[in-house]
Amino acid sequence: MSELDIRAEDIAAVEDGVRRFVQTEVKPHLEVWEEAGEFPLSLYQRAADLGWLAMGYPEQFGGTPAPWSLRNAMTIALARYGGSGGLMASLFSHNIGLPPVVRHGSATLQQQVIPDVLAGKKISALAITEPGGGTDVSALKTTARREGGEYVVDGEKVFITSGVRADWLTVAVRTDLQNKGPMGISMLMVPGDSVGLSRSPLKKMGWLCSDTAQIRFDGVRVPVGNLVGEEGSGFKIILTNFNGERLSMAAMALGFAECCYDEALAWAQQRKTFGTALVDHQVIRHKLMDMKMRIESTRAWLNAVSARADAGDRGDKSAKGAEWVAQVCLLKNHATQTMQFCADQGVQILGGMGFMRGTASERIYREVKVMMIGGGAEEIMKELASRQLGI
């Protein structure tokens, strides 16, 4: 399928496929997965069989080239009908772990890593954040010193999505031990079964069925051929990677906002209060319209920014590229604020039921903050956008 040859029928088919998949293979089990803190590994194979893991990747790796319009349709539908950020975060963690390898890895490394992940046979994760670093990526302390034909990695990462299960970790490391700034950073592919690599699962407020790990590297030896790009290019690779992540998160947030709206509307139509349906009260209708207003503004903005990405805007050094990056940052903030508002209103409309486990609004309410922090906190997004715009 050509990236430029997407019809409304193609998008509708993806949305319908996602809806049916969620209804039959996710919703009946989701609460059990949430309690267990994980979903079955077989789900990766199912997502691969449906073509979702490969969407947006080059054909030579088993991928299916697709524009953002189609990828967003899948993302929004999974969020809207599934209502689980944890499921999506881990199931699609390769979408932040693989792009650096696709863009900058050697041909040998690409063939070693990418096809098995897209086929659902292996799991990929991105490991950047450190216990003392947070958003300050340029200050990371995990080191990779060169010893002959290997790098020896020492350090620690935290909040790593799919970190417990990952077969491949795309790790930000400091290869220039004398350079404490961004130019000393590189990207390295570390096998999950490496000697000296240990992982500890983390307990979270939300995303319960997504495994999240703290990872320690104690003298982990990695072949020099596992370097992604050139030494010292890691910081630029990370910044580029963030653009795609933030655009995807905006689509997720939109889907979750719609999920809360759908649940609140259905509840208001069937719930009786004071002898009439809840939706017959003006205050409830107005709450629903406040939700709808934010949803539709987010959708329009997402479509506009995504269309620019499909047309070639990718955040280059031109004024147009800088302005596009600013749009992505501000869109991510707007979309997650829309999600936050709709989750809050959804819980309010559901009343006591909205406080109960098992409702989508309750789950999404707990997951809002990780969406507003992950991929770049709101405050960082505003600062980055202002700099891109020269303000």
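Visitor: How do you know that the span of helix H4 is close to the one expected for its 15 residues?

Guide: In this predicted model, H4 covers residues 68-82 and reaches 20 Å from its first C-alpha to its last. At 1.5 Å a residue, 21 Å is expected, and the value is close to that.

Visitor: What makes H4 largely enclosed by the rest of the structure?

Guide: Buried means under 20% relative accessible area. Of the 15 residues of H4, 12 are buried, so the helix counts as largely enclosed. Among them are Trp 68, Arg 71, Asn 72, Thr 75, Ile 76 and Ala 79.

Visitor: Which helices do the buried residues of H4 pack against?

Guide: They pack against H1 (8-26), H2 (30-36), H5 (85-91), H9 (234-270), H10 (282-310) and H12 (360-373).

Visitor: Why is H1 called roughly parallel to H4?

Guide: The two axes come within 9 Å and cross at roughly 30°. Angles under 35 degrees count as roughly parallel, so H1 is roughly parallel to H4. The crossing is right-handed.

Visitor: Which residues make the contact between H1 and H4?

Guide: H1 contributes Asp 10, Ile 11, Val 14, Glu 15, Val 18, Arg 19 and Val 22. H4 contributes Ser 69, Leu 70, Ala 73, Met 74, Ala 77, Leu 78, Tyr 81 and Gly 82.

Visitor: What is the make-up of the contact of H1 with H4 by class?

Guide: The contact has 10 nonpolar, two polar and three charged residues.

Technical notes. Residues numbered from 1 in each chain as written. Predicted model: local features only at pLDDT ≥ 70, side-chain atom pairs only at ≥ 80, totals over all residues. Heavy atoms only, no water. Helix = DSSP H or I, 4+ residues; strand = E, 2+ residues; numbered from the N terminus. Expected span 1.5 Å × (residues − 1). Buried < 20%, exposed > 50% of the residue type's maximum accessible area, 1.4 Å probe, protein only. Contact = heavy atoms within 4.5 Å. Axes fitted to C-alpha atoms, helices over the stretch in contact; angles between N-to-C directions. Parallel < 35°, antiparallel > 145°, perpendicular 65-115°, else oblique. Left-handed = near helix turned anticlockwise from the far one by under 90°. Nonpolar A, V, L, I, M, F, W, Y, C, P; charged D, E, K, R; others polar.
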